[in-house]
Amino acid sequence: MTVTIDRLNELLADYDKTADAAELELRLSFSQAVLRELWLKRWTQKELAERSGLKESYISRVLHSDQNCTFETAGKILHALGVRVSFTAESRAETDVCLQ
């Protein structure tokens, strides 16, 4: 089966309109924000796990976007990092994570 570039672009555009795409974008944004803070603080995932009271393997799965986390868990991670997060809705109903 041959798929053209135009067809792939159509499929991607269709996917971008789904709830799955929005959920993945949110997970990736969260991971990026946490990874940035880990880098700035020179912390390891193990240190974040200890400070947040979560297992290191769970932290790893969240940061690799392999695991969903609840707002409660996200709060534990962000609190351990000393980070506040706010969400803003854009006209396309996109959500951005803004570090303060």
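This is a short tour of a predicted protein model, stop by stop.

**Before selecting anything**

Residues are numbered from 1 along each chain as its sequence is written. Because the model is predicted, local features need pLDDT of at least 70 and side-chain atom pairs count only at pLDDT 80 or more, while totals for chains, interfaces and linings use all residues; side-chain values use heavy atoms, without hydrogens and water.

**Stop 1: confidence**

Colour the model by pLDDT, the predictor's confidence in each residue, from 0 to 100. The protein has a mean pLDDT of 87, and 89% of its residues reach 70 or more. Helices (H or I, at least four residues) and strands (E, at least two) are DSSP runs numbered from the N terminus. Where pLDDT is low, the predicted coordinates should not be read in detail.

**Stop 2: H3 and H4**

Select H3 together with helix H4 (residues 56-63); their axes come within 8 Å and cross at roughly 115°. Axes here are lines fitted to C-alpha atoms, for helices over the stretch in contact, and angles run from 0 to 180 degrees between N-to-C directions. H3 is therefore roughly perpendicular to H4, a term for angles of 65 to 115 degrees.

Now show the side chains. Contact (heavy atoms within 4.5 Å) involves Gln-45, Lys-46, Leu-48, Ala-49 and Ser-52 on H3, and Glu-56, Ile-59, Ser-60 and Leu-63 on H4. Sorted by class, the contact of H3 with H4 has 4 nonpolar, 3 polar and 2 charged residues. Nonpolar means Ala, Val, Leu, Ile, Met, Phe, Trp, Tyr, Cys and Pro; charged means Asp, Glu, Lys and Arg; the others, Gly among them, are polar.

**Stop 3: Leu-54**

Move to the loop between H3 and H4 and select Leu-54. Leu-54 counts as buried, at 17% relative accessibility; buried means under 20% relative accessible area, exposed over 50%, partly exposed in between (1.4 Å probe, protein chains only). Leaving aside neighbours within four places in sequence, Leu-54 is in contact with Ala-49, Ile-59, Thr-73, Lys-76 and Ile-77. Thr-73 is 19 residues from Leu-54 along the chain, and their C-alpha atoms are separated by 8.4 Å.

**Stop 4: two positive phi values**

Most residues other than glycine have a negative phi. Select Arg-42, in the loop between helix H2 (19-41) and H3: its phi is near 60°. Arg-42 is exposed, with a relative accessible area of 60%.

Finish at Ser-65, in the loop between H4 and helix H5 (71-81). Phi of Ser-65 is near 60°, a positive value, and Ser-65 is buried at 11% relative accessibility.

Notes:
Angles under 35 degrees count as roughly parallel, over 145 as roughly antiparallel, 65 to 115 as roughly perpendicular and the rest as oblique.
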